[in-house]
Amino acid sequence: MKKNILVIYYTQTGQLEDIIKNIARPFEDKNDEYEVTYYNITLRKDFPFPWPGDVFFNTFPESYLQIPSEILPPPEEVLNKKFDLILFGYQVWYLTPSIPVISFLKSGFAQNILKDTPVITISATRNMWMLSQEKLKVYLRDMQAQLIGNIALVDRHDNYTSVLTILRWLTTGRKEKSGLLPAAGISDEEIIGSVKYGEIIETHFRKNEFSTLQPDLVKNGAVEIRPFLVRVEKVGNKIFTVWSNLIIKKKRSAHC
């Protein structure tokens, strides 16, 4: 009997979709053993891409405070099937899992899908993802999902350069190299090479051996912890907590 693999993700630029489909490819290649189902989280009112500047910055308080939007229901093939493994792809917005991902997790659909199922989280971010992952872990724990691994792919450019390139990409749609700025986001080499993580996952899944999965992923470059950025994130979370609450109160009072 085939094992059922579910791939959950949300993407605007297509980068995360490319990554997660590469990671799922070893399962796709063994279609006599696995059936792979893709679920792209869809908001009833989606965010634009490229982002108008005002929309980009106006999503800050809702993002950080994890205020959900309404999603369209997942398809029946997702709701009515029991999965043996879930690959969960997400982005980080303002040091927090993105609004579409939070909206799925708070939708009422997530628990039935995730409960008692092994989950591997996969993020594609600028560089700061550690505390966002901790926030996601709380949701997975509360839904009794079994977090067995994590892959965090990041922009390898220096912090200043990556800020400029990601803002250019999100607000103009231009990812490619231009002028003095390199291409934005995860490098093409890393995106293509991410298939190796799928091979590692498939090997461990086939053997039902998860205790050494994360060490194997880390050994192959799936995660890099930068202590300096963890400290920056902690400071950022303190500042964002104050500012997001002030802004959301002002927004709500303006609508009263």
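**A guided tour of the chain**

Buried residues account for 48% of the 256 residues in the chain. The model is a predicted one.

Along the principal axes, the C-alpha atoms fill a box of roughly 55 × 45 × 30 Å. If contacts are drawn between residues at least 6 apart in sequence, 81% of them join residues at least 24 apart.

Next, select I8, L87, F88, F104, L105, L114 and I201. Within the largest nonpolar core, which has 69 residues, these touch the most other members. Helix 1 (residues 15-29) supplies the largest share of this core, with 6 residues.

Centre the view on L114. Leaving aside residues up to four places away in sequence, L114 touches I8, I86, F88, F104, L105, V119, L140, M143, Q144 and A145.

The accessible surface of the chain is about 12,700 Å², and 56% of it belongs to carbon and sulfur atoms. On this surface, select V235, I239, V242, W243 and L246, which form a nonpolar patch with about 500 Å² of accessible area together.

Finish at V235, which is found in helix 12 (residues 227-254). Is V235 buried, partly exposed or exposed? Its relative accessibility is 48%, so V235 counts as partly exposed.

Definitions and conventions:
Residues numbered from 1 in each chain as written. Predicted model: local features only at pLDDT ≥ 70, side-chain atom pairs only at ≥ 80, totals over all residues. Heavy atoms only, no water. Patch = residues over 30% accessible without salt bridge, like charges linked within 9 Å, V, L, I, M, F, W, Y side chains within 5 Å. Areas by Shrake-Rupley, 256 points an atom, 1.4 Å probe, with all protein chains shown as cover. Salt bridge = Lys/Arg side-chain N within 4 Å of Asp/Glu carboxyl O. Helix = DSSP H or I, 4+ residues; strand = E, 2+ residues; numbered from the N terminus. Buried < 20%, exposed > 50% of the residue type's maximum accessible area, 1.4 Å probe, protein only. Core = buried A, V, L, I, M, F, W, Y, C linked by side-chain atoms within 4.5 Å. Contact = heavy atoms within 4.5 Å.
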